[in-house]
Amino acid sequence: EGTRVQTALERSMGIAFMLALPLALGGLLVAPDLVTLLFGNSYLPATLSLQILFLTMMLNFPSVFLMNAIFAFNEQKKLVLFAVIGGATNVILDLILIPFFGIAGSAWATFIAQLVSNIYLWRVMKKIGHFAILPRLVRIIPATLLMGTATFLLVLSQVHFFIVILFSILLYFGILYLQREPLLQEIRL
């Protein structure tokens with residue numbers, strides 16, 4: 001039973017990272033164009049906050065699976081401390097960072113609070129049962145970096161936003177397909 005849960009957690013976390021890493025990096029790179037498209041040029045100063053919040057995807061996506069696994073092992077009482085750590089850290093950092101950095105300070109406070117609380121979550125799950133995520137990322141990380149490089153160059157070349165997005169998606173999943181990424185089989189509809 002433990003091995004099945006471990007395998008399921010590793011696959012789920014791999015899929016979470018397979019989606020979160022390119023979304024975070026791509027979002028970071030296209031954020032100025034996205035802000036302009038959705039809200040207009042007058043909202044461009046909010047771009048940094050959006051970029052920081054895109055980074056939280058790398059934490060949010062996998063944390064859902066960690067929380068579910070902890071719950072499945074009947075250790076849900078430890079999730080209360082996870083929430084307290086995240087909430088308290090966020091409030092404290094908001095009080096410290098907002099006066100100096102405004103809305104970007106609040107975004108950083110959110111990111112750091114999620115990072116700290118997720119470190120706790122990972123440690124809890126590691127104590128419950130061993131799992132390894134890095135082997136699941138050997139194709140995902142290079143594909144994300146290649147996609148990010150292409151996205152950056154397209155944005156720099158002022159290619160239309162929708163073309164950048166479409167090309168980046170196709171490139172990323174194309175790279176994973178050519179590498180025969182096993183997790184792609186997991187998400188086939």
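Asn74 is located in the loop between α3 and α4, helices being DSSP runs (H or I, at least four residues) numbered from the N terminus. The model is predicted, so that local features require pLDDT of at least 70 and side-chain atom pairs pLDDT 80 or more, whereas totals for chains, interfaces and linings use all residues. Residues are numbered from 1 along each chain as its sequence is written, and side-chain values use heavy atoms, with hydrogens and water left out.

Although not a glycine, Asn74 has a positive phi of about 60°. Its relative accessible area of 54% places Asn74 in the exposed class (over 50%; buried is under 20% and partly exposed lies in between, with a 1.4 Å probe and protein chains only). A positive phi near 60° is also found for Gln158, a residue other than glycine, in the loop between α5 and α6. Gln158 counts as exposed at 72% relative accessibility. Most residues other than glycine have a negative phi.

The loop between α3 and α4 also holds Glu75. Residues up to four places away in sequence aside, Glu75 touches Ile70 and Ile128, contact meaning heavy atoms within 4.5 Å.

Helices α3 (residues 57–72) and α4 (residues 77–128) pack at an angle of about 35°, their axes 9 Å apart; axes are lines fitted to C-alpha atoms over the stretch in contact, and angles run from 0 to 180 degrees between N-to-C directions. Among the residues making the contact are Leu59, Leu66 and Ile70 of α3 and Phe82, Phe111 and Trp122 of α4. The contact residues comprise 14 nonpolar, 4 polar and no charged.

The largest nonpolar core contains 26 residues, with Met18 and Ile140 having the most contacts inside it; such a core is a set of buried Ala, Val, Leu, Ile, Met, Phe, Trp, Tyr and Cys residues joined through side-chain atoms within 4.5 Å. At least two residues of this core come from each of α1, α3, α4, α5 (140–156), α6 (161–178) and α7 (183–187). Beyond its neighbours within four places in sequence, Ile140 contacts residues including Phe17, Met18, Leu21 and Leu183. A second, separate core of 8 residues includes Val30, Leu34, Met57 and Phe161.

Glu10, in helix α1 (residues 2–39), counts as buried at 10% relative accessibility. The side chain of Glu10 reaches the backbone nitrogen of Ala132 at 2.8 Å.

Conventions
Ala, Val, Leu, Ile, Met, Phe, Trp, Tyr, Cys and Pro count as nonpolar, Asp, Glu, Lys and Arg as charged, and the others, Gly among them, as polar. A polar contact is a pair of N or O atoms within 3.5 Å; within protein, one must be able to donate a hydrogen and the other to accept it, and residues adjacent in sequence count only if both atoms are side-chain atoms.
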